[in-house]
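Here is a short report on a two-chain model.

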Amino acid sequence: MTGADAGGAATTDAGPVLEVRDLSVRFRPRGRDLVHAVSGLSYTVPAGRTVAIIGESGSGKTASSRAIMGLLPRSAQVSGSVRLSGTELTGLSPRALRRHRGSDVAMIFQDPARSLNPTMKVGPQVAEAVRAHKKVSRAAARERVIELFKLVRLSAPEQRYDEYPHQFSGGMRQRVMIAMALSCSPRLLIADEATTALDVTTQARIMRLLTELQERLGMAILMISHDLGLAASYADEVVVMYAGRTVERASVSELFGNVRMPYTNALLGAVPRLDRAAHTPLPVVQGRPPDLSAEVPGCPFAPRCPRAGDKCAQRRPDFAEHKPGHWYACWYPLPDGAAAGHIGPADTRQAAAGGPR
Amino acid sequence: MTEPLLRAHEVVQEFGVRGRGGVRDGVVRAVSGVSLDILPGETLSVVGETGSGKSTLARSLMHAPPPKSGEVVFQGTSLTGLRGTALRDARRSMQMIFQDAYTSLDPLWPVARIVAEPLVAAGLRDRAGRRRRVGELLDQVGLDISAHGQRRARELSGGQCQRVAIARALAASPALIIADEAVSSLDVLVQAQVLNLLEGLRTSLGLSYLFIAHDLALVRQVSDRVAVMYLGRLCETGPADEVYARPSHPYTVELLDAVPRLEQAALGKRQAGDPAGDLPGAHGAAASPVRPPSGCRFRTRCARAQARCEAETPALAAVPGGSPGHLVACHFPVARTDPKSHEISRNEEQSAS
């Protein structure tokens, strides 16, 4: 915020593309209690970098990304600050927001089949997106679309232009969605579980394509995923969310090398791995994420945490930068350099306290 | 050697496609001559991507619908030609669970009734006995009849729905459970819970499993043997430890390379120019099961393909120098000694060809 103020309205190359500060999202479902979907989320995405937001279903990762795009229903209460290249997005009119969506920030979703109109040829759908943001002729838009199809490595782009979505495989449809997202050269691409529904081989290809496009176009990527393995391979920084809050944030090498927050560690332990011996039990945490309609005073993970002490249920630990570039919120973090995936009451504190409760 | 619980011999499943005006336009060759055995207490995983025919294979084994040709022998009884009650009786000990547990449960029925249904079908008339059995079954999957028995599917989480589906499958006292992507859509922590549950049931009830999955990493922890499938045919099959450590078919190598690994975190973000991550066939058109390629069906995506692959269909044969039971259908199998050297060796081979 200070950097942007100092530099005035102009954006500097050094400044982050996206700056989210203290973002909260609340919903009030009809006749029910207020749901705190996202509480006090803060992170930045620098240009040319990939930040992964990791969390399980219901952790608020999708609600937060939709809040950035202004795609939440009107009933949602959004507070906090979202700055895109220095411009504040929260509180903008839908009309003003629409100018940013597509041209500055674009989004791709999990299900490319449902994102495309089945009754319309693929090429013209992408051309529509091009013409929505730039005043160009139909012929010029067509040319731009074929150029985009080449960029996302669709085979036979001229021929593909006049085909329908059902003639495309899942991976090819996602390529079309990426082409559409890139049509106005956004500075930020939000990929919300963009490869979750795809085969592993297709997923690897799409992720490689995104990495290549990022290198070429210098765009920032915000990757929303439940898959830590994916983040390990394709992200620069990881933000872990649990019950609407950030619980740990660090660069990929720091997070996977020195995981501190027990929840992140539990996620790491459960990732399917190729080097796991057959018929060995997976490390497991029992229970389910908390109900987000009740405000809990303590750490949201405390009821499931093997390391939790009395303090954890009563006072929420601050989400603080305990080491340069490594933030986490935990009263009893794992020791520095803990083996990834190891969970359990391993330290002396708990032995003294008589085991976890 | 022990008698297999299930033996499939040359199973073929095909479906007609209708073109314009309802005219027969072609045939989807979903499964083309697959043979496999499942031993008692063993877990076999069939892995392949969308369209490889792995789900169709599972349904053909259950004779739902029966395969076009080939034979399935389950618990010593051939299912070929069986119909109606005879077929239902023969395959009662074979149960299935699916990827989307929520839609596999009746939305209007309470959990207790869903789990009781197979008991009713099996002729357990005694109400109190049935209720007791439902309680036991729910307990086995980590649910409580008093807490969850009267809930509907919409009042359960995804993991709980899958537990109910497992309890329903167990109600028929099966010997074999076919799990078709049963944990693929669950959150990673829930996935671990359900995988551990299935593992626990395997040991306590002596079950056999057939896991269907698209991700080799997901079934690593449960598999005794794996079979890799591509466009309706088996490419490679063998003991899990062997196939994961020394994959022989280029497609298996591709599937293994595509798995995102946590170890990558220490090596840094994958770069676009990273040759080890260069997947063959990235630009090739997807092969169709309606017009499968001649010879080896994988050849259109394979970096090692030569003229012979087009002319001659490779048969499943013992991997040269491999361990017993490790079979591959490839004219030019990948030779690997060190499991970690494969990416380098493959690239050397590619540049040499």
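Chain A holds 14 helices and 12 strands. Helices (H or I, at least four residues) and strands (E, at least two) are DSSP runs, numbered from the N terminus. The radius of gyration of chain A is 22 Å, close to the 21 Å that the globule rule gives for 357 residues, so chain A is as compact as a globular protein of that length. That radius is taken over C-alpha atoms, and the globule rule is 2.2 Å times the number of residues to the power 0.38. The C-alpha trace of chain A spans about 75 × 50 × 45 Å along its principal axes.

This is a predicted model: local features need pLDDT of at least 70, side-chain atom pairs count only at pLDDT 80 or more, and totals for chains, interfaces and linings use all residues. Residues are numbered from 1 along each chain as its sequence is written, while chains are lettered from A and ligands numbered from 1 in the order in which they are written.

**Domains of chain A**

Chain A is divided into three parts, with bounds from an automatic or database domain assignment.

| Domain of chain A | Residues |
|---|---|
| Domain 1 | 1-104 + 186-242 |
| Domain 2 | 112-185 |
| Domain 3 | 285-353 |

In chain A, 10 residues of domain 1 are in contact with 6 residues of domain 3. Contact means that the C-beta atoms, placed from the backbone, lie within 7 Å. Strand S2 (residues 35-45) of chain A gives the most to the domain 1 side, with 3 residues.

**Between the chains**

Chain A puts 48 residues in contact with 45 residues of chain B. Helices H9 (200-217), H10 (228-234), H11 (252-257) and H12 (262-270) of chain A each give two or more residues to the chain A side. H9(A) supplies the largest share, 9 residues.

**A sheet in chain B**

Chain B has an open sheet of 8 strands with mixed pairing, in the order S6-S7-S8-S3-S9-S10-S12-S11. Two strands pair if DSSP finds at least two bridges between them. Strands S6 (94-97) and S11 (317-318) of chain B stand at the edges, each with a single partner strand, so one side of each is left without a neighbour in the sheet.

Strands S7 (residues 176-180) and S8 (residues 208-213) of chain B pair in the parallel sense over 5 bridges. Here B:Ile178 stands opposite B:Leu210 in S8(B).

Technical notes
Contact = placed C-beta atoms within 7 Å.
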